[in-house]
Amino acid sequence: MSKKIRIALAGNPNSGRSSLFNELTGGKQEVGNWAGVSVEISKGFWEKAGGQCEILDLPGIYSLFPHLPEQIDAIECLKSLAVGDENEANIIVNVVDATNLERSLYLTTQLLEIGLPVIVALNMSDELQKKDYRVDEDALSALLGLPCIKIAANKRRGFEALWQKVCEMAQASPLIDHNRIFAQFDPDILQEAERIEQVVSERDSSGRLRPRWVAQQVLEGHWHERLEQVLPGHDTELWEERVSRERYRVINGIVSQVLTRDPLARRRDVTQKLDALLCHRVLALPFFFLIMAAVFAVSFGPPGRFLMAKVQAIFTVWLPGLASAALSALSAPDWLDSLVIDGVLAGAGGLLVFLPQLAVLFFFLVLLEDSGYIARAAFITDRFLSRFGLGGRSFIPLLLGFGCSVPAIMAARSLDNRRERLLTMFVTPFMSCSARLPVYGLLTMAFFASRQGLVVLGLYVAGILAALLTLMIANKLAKKQPRAPFIMEMPPYRLPVWHCVWKRLWIRVWDFIYKAGTFIVLASIIVWLLSHFDWSLRFVAAGGENILSVLGRHIAPLFAPLGFGEWQTSVALFTGLFSKEAVVATISVLYAEAGNMEMLAEVLQSVLTPLSALSFLVFVLLYTPCVATVATLYRESKSLLFTLSSVIYQFIFAWVAAFAVYRIGLLLSAT
């Protein structure tokens, strides 16, 4: 390829853009079967034998005239590509949901007006065929005046044809017939467009504006404020409504010519039947909690514990034995032996033994996301959340918070109401992120082994209740504002595409492994050093006065009223400010147990009671999130006061909640 090729993936939310981006580039863009997952422009490269091209994955947009910040960024990106130099070939690949052709083509007809070459990628054509429908891509190409190619992004179908068409259009630099769709509009609209074009041409001395593009924007409700003095009689609302109506009229005519259905088909509508049950007015929430309870029961019940025991043997027997033999062969000093086994292996091993349980949990969550059920969960929680000043749109960021608070807070950008966006960001850290799961696994295994799944589920529910209580307090302090009605597309239920499931599962598992192998190992080494040297930097045997014990005893009184006043647990909570996984790594290092969860559990049982362990779990659930989350809060809110308020509030809330759990538990046990 002689030119630099750049592809912009544009399409509606939930059309499969990010799936296509990941499959073409091998990227790690988060993908989900619901709207609002992509909130930033991602960049990657599609490499083939004939060369490579740069790919930009734009946030989902329904039209070229949105109002949300990230969607405006997507459109500005398209505009900038339209003025590329002669050595660049910029192409729009419009990812269209073939199962919802009418809605998707609205954006397509607008993309034609930008001036860039456009390729329509008819995604999910295989799902359309399952419903006994068929779209004639050749007829659609002829009607739109641009190439249309059938693809199935999650099954890697149609990629070769797409590549060939990209190369062909890049070399030919085809001229697009911009008037083909617009010329079918009502003559009055065309006449008004010509009037606007003339005004633009007269007033733009620079010649940088494209009159037809500006005319389109004015007709659809934009730019009018800049031209209102020279456009007498132009009623913005009237013309906007007429143009939108005409656009759909033309699109309906196109769809009626290219979309056909087998008249003999009597395929059962599974989506409708499932929605009648899972989105039922009364049964929806009970089903939601039942499904989540089943997920936790499997993840932390016998199946998860069985897999955990297999991994634990590696860190309890095999790796320590191998490391000890190697160090002995090298005549390594005792301190190095302790550093490797009691520091590195204890820290990383104490975390990685929980990997099987987390992998099982991640697996089921990926299945729920891909199935389309998560979009229903947002719908069924809308009316419930509205009582607390939020809406169904806030459900997606809150749900992402169960994975990691950082992308969850970033996803709150999709909320156009600032108050609702800030409230969502404020309570998102109360959603129990996956980094806390190793802490839950360790403490519940030590004190609540027979009810491990139930206790972990209870912690998740407690986090949700804490968020709701916080929202109630916020609504008391400031009046709730009216919000726009909740409108959300419901994707069809889909069977899992296994290679996509495994790929997304591996991304999440690898992120956990990478963190354990880098940051947690480093943290474990630091904790070991601080716990084996005194202030004079002299080596101290286990149990001696060391730097960490001195520091820990200064902060331990703060947690004594909560039932866990030991300096080791206090230090673990401090390191948890950098990463919640570090809590387990720190405990493992301080108690010198290299991945042996049974022995570590026995040690914990000697310093904690079940009640103080429960108090500790509640505090870990609710207290100040990691520094990465705090930094994201500041970046997204652009307010230091908001960020500090969040940090302080969550610490105080966690302390009060843990105190209440411990003291009420003592009262109940005394009666």
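How many helices and strands are there in the protein? There are 31 helices and eight strands, where helices (H or I, at least four residues) and strands (E, at least two) are DSSP runs numbered from the N terminus.

A few notes before the close-ups. This is a predicted model, in which local features need pLDDT of at least 70 and side-chain atom pairs count only at pLDDT 80 or more, while totals for chains, interfaces and linings use all residues. Residues are numbered from 1 along each chain as its sequence is written, and side-chain values use heavy atoms, with hydrogens and water left out.

**View 1. An open sheet of six strands with mixed pairing.** The strand order is β2-β3-β1-β4-β5-β7; two strands count as paired if DSSP finds at least two bridges between them. At the edges, β2 (42–48) and β7 (148–150) each pair on one side only. From one strand to the next, the twist averages 25 degrees. Strands β4 (residues 88–97) and β5 (residues 118–123) run parallel and are joined by six bridges. Look for Asn94, which stands opposite Val120 in β5.

**View 2. Helices α3 and α5 lying across strands of the sheet.** Helix α3 (residues 101–111) lies across β1 (4–11), β4 and β5, and runs at about 160 degrees to β4. Helix α5 (residues 137–144) lies across β5 and β7, at about 155 degrees to β7. Axes here are lines fitted to C-alpha atoms, for helices over the stretch in contact (heavy atoms within 4.5 Å), and angles run from 0 to 180 degrees between N-to-C directions.

**View 3. Helix α1, largely enclosed by the rest of the structure.** Seven of the nine residues of α1 (residues 17–25) are buried, meaning under 20% relative accessible area, with exposed over 50% and partly exposed in between (1.4 Å probe, protein chains only). Among them are Arg17, Glu23 and Phe21. Just after α1 comes Gly26, with a positive phi of about 70 degrees.

**View 4. A nonpolar patch on the surface.** Patch residues have over 30% relative accessible area and no salt bridge; like charges are joined within 9 Å, nonpolar side chains (Val, Leu, Ile, Met, Phe, Trp, Tyr) within 5 Å. A salt bridge is a side-chain nitrogen of Lys or Arg within 4 Å of a carboxyl oxygen of Asp or Glu. Helix α31 (residues 640–670) gives the most, five residues. Tyr634 lies in helix α30 (residues 627–637) and counts as partly exposed at 44% relative accessibility.

Definitions and conventions. Accessible areas come from the Shrake-Rupley method with a 1.4 Å probe; for residues, only the protein chains shown count as cover.
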